[in-house]
Amino acid sequence: MIIRTTLAPLSVNNIPDNDFDAAVVIDVLRATTTLLYAIDAGASKIIPVSTIDEAFALAEKYDTAVLCGERDGKKIDGFHLGNSPSEYTAESVGGKILIYASTNGSVMLKKVQRVAKEVFLASLRNIGAAAKRIISKNPKKILIACSGLERFVSLEDTYCAGILIDKISSQIENIDTDDSTTLAHIIFRYFGYNVDKMFRESVHARYLGNELGLWDDIECASQIDSADTVPILKNGEIIEDYVI
Ligand code: MLT
């Protein structure tokens with residue numbers, strides 16, 4: 001298996017169309033954590049969009065859709081839900097179509113569809129399930145796409161990628177890696193499973209906690225292997241793939 005990792009979102013722009021058999025998108029704080037919640041709460045599908053204007057335009061087409069997402073970590077004016085996992089309950093999203101606009105995660109989800117035939121969503125909460133899914137599919141060439149933070153690298157996404165790489169490489173021999181993949185693996189090996197220590201070093205965790213008081217979101221995002229759903233992105237829509 002060939003594994004390539006992009007640590008910052010702009011790197012995806014230089015990848016040719018359909019270059020990868022599969023991609024795993026990671027945005028631990030908070031997009032892929034929250035989207036996992038939304039799927040587990042019974043959302044029928046989620047449409048990621050890059051901009052707020054795109055979200056409002058799409059809402060004209062799906063008039064019962066729930067508008068969700070954030071800018072600067074805060075709920076967007078005119079949207080129904082922000083980006084805290086706890087907002088995504090059976091009552092708020094069960095059976096509904098969600099239109100989702102977040103700063104980094106939804107942008108990466110839009111971008112990556114061009115370069116990979118299959119797209120999975122991973123966070124710390126479902127990283128074991130995502131690894132199992134990849135190992136059982138055994139794609140020839142896989143991209144681990146870290147959503148990053150405003151065009152730059154994010155520690156928590158890199159760390160989560162490192163766990164995925166660790167799990168895959170413990171099961172599959174002869175993996176061909178690049179330096180970004182090795183770097184992510186080293187970051188995971190440095191912190192081990194001490195997620196709190198990792199989050200203490202994370203700029204975005206400090207912003208969400210210290211500036212916005214969203215400590216519960218960080219706590220929720222830190223629960224490694226607490227979920228076994230692996231959402232997939234197909235034809236522009238996020239749906240539940242299967243439960244292991
Ligand atoms: C993002 O997509 O940039 C994030 O999920 C930001 C956040 O809400 O913390």
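Gly105, Ser106, Met108, Leu109 and Val112 are buried here, where buried means under 20% relative accessible area with a 1.4 Å probe and protein chains only. Now look down the axis of helix 4: these buried residues fall within an arc of 160 degrees, so they line one face of the helix. That arc is taken from the directions from the helix axis to the C-beta atoms.

A word on what you have open: this is a predicted model, where local features need pLDDT of at least 70, side-chain atom pairs count only at pLDDT 80 or more, and totals for chains, interfaces and linings use all residues. Residues are numbered from 1 along each chain as its sequence is written, and side-chain values use heavy atoms, leaving out hydrogens and water.

Next, select strand 2, residues 20-26, where 6 of the 7 residues are buried. Pick Ala22 to find its bridge partner Glu118 in strand 7.

Last stop: select Asp27, Leu29, Asn104, Gly148, Leu149, Ser154, Glu156, Asp157 and His204, which line the largest cavity. About 40 Å³ of space lies inside this cavity. A cavity is a set of points on a 1 Å grid over the protein atoms alone where a 1.4 Å probe fits but cannot get out, and lining residues have an atom within 4 Å of a point.

Key. On a 1 Å grid over the protein atoms alone, a cavity is a set of points where a 1.4 Å probe fits but cannot get out, and a pocket is an open set with protein on both sides within 12 Å along at least five of seven lines; lining residues have an atom within 4 Å of a point. Grid points are joined across faces, edges and corners, and a volume is the space filled by probe spheres set on the points. Buried means under 20% relative accessible area, exposed over 50%, partly exposed in between (1.4 Å probe, protein chains only). Helices (H or I, at least four residues) and strands (E, at least two) are DSSP runs, numbered from the N terminus. Two strands pair if DSSP finds at least two bridges between them.
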